[in-house]
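Reader: I would like to learn how features of a model such as this one are read, taking each general idea with its cut-offs and then the case at hand. Could we go through it step by step?

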Amino acid sequence: MIDILKKRFTENKERHLGISFEEAEKMGVRLMNEEEYRYLQTFGEFDLKTSSWVVTPERIRCLGGAIFCERRYNEVFTFHNGAIANIVHVAFAA
């Protein structure tokens with residue numbers, strides 16, 4: 001049973017890892033990295049009620065993690081989570 005669960009997790013993980021990139025590509029845009037997201041916030045206040053996936057450094061990605069950003073309290077915050085954990089709750093910054 002444990003082997004079956006491991007296999008399903010691995011298959012789901014691999015399938016979900018590229019979703020944000022694929023969706024951005026369909027729209028003709030690309031995901032921003034954290035530095036670009038912070039720069040965007042100098043032009044206005046975005047993600048006051050939402051969060052956006054940003055490009056995650058490979059050193060985090062290879063461990064199954066992902067980062068996302070949002071603006072609260074006049075500050076930009078960067079958070080982490082498993083790449084799959086919030087897939088339905090977080091948009092992406094493109």
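Reader: Where is the place of Thr56?

Author: Helices (DSSP runs of H or I, at least four residues) and strands (runs of E, at least two) are numbered from the N terminus. Thr56 sits in the loop that leads from strand 1 to helix 4 (58-61). This is a predicted model, in which local features need pLDDT of at least 70 and side-chain atom pairs count only at pLDDT 80 or more, while totals for chains, interfaces and linings use all residues. Residues are numbered from 1 along each chain as its sequence is written, and side-chain values use heavy atoms, with hydrogens and water left out.

Reader: Is Thr56 buried or exposed, and which residues does Thr56 touch, not counting those up to four places away in sequence?

Author: Burial is read from the relative accessible area, with buried meaning under 20%, exposed over 50% and partly exposed in between (1.4 Å probe, protein chains only). Thr56 counts as buried because its relative accessible area is 10%. A contact means heavy atoms within 4.5 Å, and, leaving aside residues up to four places away in sequence, Thr56 touches Arg61, Gly65, Ala66 and Ile67.

Reader: Which strand holds Glu70, and is Glu70 buried or exposed?

Author: Glu70 belongs to strand 2 (residues 65-72), and a relative accessible area of 11% is why Glu70 is classed as buried. Beyond four places in sequence, the residues that Glu70 touches are Tyr37, Asp47, Thr50, Ser51, Glu75, Val76, Phe77 and Phe79.

Reader: With which side chain does the side chain of Glu70 make a polar contact of 2.2 Å?

Author: A polar contact is a pair of N or O atoms within 3.5 Å; within protein, one must be able to donate a hydrogen and the other to accept it, and residues adjacent in sequence count only if both atoms are side-chain atoms. The 2.2 Å contact joins the side chain of Glu70 to that of Ser51, and a polar contact of 3.4 Å links the side chains of Glu70 and Arg72.

Reader: How many salt bridges does a search of the whole structure find?

Author: A salt bridge needs a side-chain nitrogen of Lys or Arg within 4 Å of a carboxyl oxygen of Asp or Glu, and the search finds four. One of them pairs Arg72 with Glu70, whose closest N and O atoms are 3.4 Å apart. Another joins Lys26 to Glu23, with 3.1 Å between the closest N and O atoms; both of these residues lie in helix 2 (residues 19-26), three residues apart, which is about one turn of the helix. Lys26 is exposed at 65% relative accessible area, whereas Glu23 is partly exposed at 34%. A salt bridge also forms between the side chains of Glu36 and Arg30, at 2.7 Å from N to O; here Glu36 is partly exposed at 27% and Arg30 is exposed at 54%.

Reader: How many helices and strands does the protein chain have, and in what pattern?

Author: There are four helices and four strands, following the pattern α-α-α-β-α-β-β-β along the sequence. Of the 94 residues in the protein chain, 30% are buried. Among contacts with a separation of 6 or more, 46% come from residues 24 or more positions apart.
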